[in-house]
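Subject: Structure for your files

Hello,

Here is the structure I promised to pass on. My notes on it follow below.

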Amino acid sequence: SAFTGLRPEDFTLLGRSEGTLPCWLLSAGEVVLRVTRQGGLVADMVDAAGGWEGELSPEEALEKARKFLSERGYESAAESYWTREEESILLSFHGVQEGVTCYPDLIKLRLDLSGGKVIGFEAVGWLMNHRQRELTPAVSVEEARAAGAGEVGILSEGLAPIPTRGRG
């Protein structure tokens with residue numbers, strides 16, 4: 001209820017899922033979401049209802065997405081990239097720790113560009129991976145740059161953990 005702004009009595013329990021991230025499946029009108037059974041966190045949400053009149057730019061959509069995440073406790077999420085798909089935009093965010101980009105800590109938001117309504121949310125990557133990490137680089141930025149010299153065009157550089165054995 002707090003996540004969506006809808007009233008608690010609007011929700012109906014549809015079932016539950018098992019597996020790595022056991023969840024309750026709930027609906028409220030056009031909104032369907034999975035809430036973790038441990039902790040009560042929203043794993044994902046889809047809202048089939050559209051937005052309202054108007055047209056948002058990608059920059060305006062990004063600002064709305066940042067506000068949405070901040071209001072729900074995801075202040076440390078930083079934008080990775082966005083993709084426009086017809087009348088919506090899919091924005092991807094990742095975790096950041098000590099200036100290091102943590103791509104496994106993934107959150108995706110889909111906004112209706114006709115008004116900025118969040119019509120999709122997915123935070124399974126964040127819920128499964130986000131934690132305080134021991135960050136000891138295996139390779140420095142300079143070593144990585146030298147290894148790719150002449151082979152690839154470098155657009156940007158920085159440190160990021162590489163997930164191994166299911167851990168980010």
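Predicted model: local features only at pLDDT ≥ 70, side-chain atom pairs only at ≥ 80, totals over all residues.

Residues are numbered from 1 along each chain as its sequence is written, and side-chain values use heavy atoms, with hydrogens and water left out.

Helices (H or I, at least four residues) and strands (E, at least two) are DSSP runs, numbered from the N terminus. H1 covers residues 58-71; at 1.5 Å a residue its 14 residues should span 20 Å, and its end C-alpha atoms are 20 Å apart, which agrees. The expected span is 1.5 Å times one less than the number of residues.

Buried means under 20% relative accessible area and exposed means over 50%, with partly exposed in between (1.4 Å probe, protein chains only). In H1 the buried residues are Ala61, Leu62, Ala65, Phe68 and Leu69. They lie on the same side of H1, because they cover an arc of only 125° around the axis (taken from the directions from the helix axis to the C-beta atoms). Strands E5 (77-85), E6 (88-97), E7 (100-112) and E8 (118-122) are what these buried residues pack against, contact being heavy atoms within 4.5 Å. The face turned away from the buried side carries exposed Glu59, Lys67 and Glu71.

Thr101 is in strand E7 and counts as buried, at 19% relative accessibility. Leaving aside residues up to four places away in sequence, Thr101 touches His94, Gly95, Leu159, Ala160 and Pro161.

Regards
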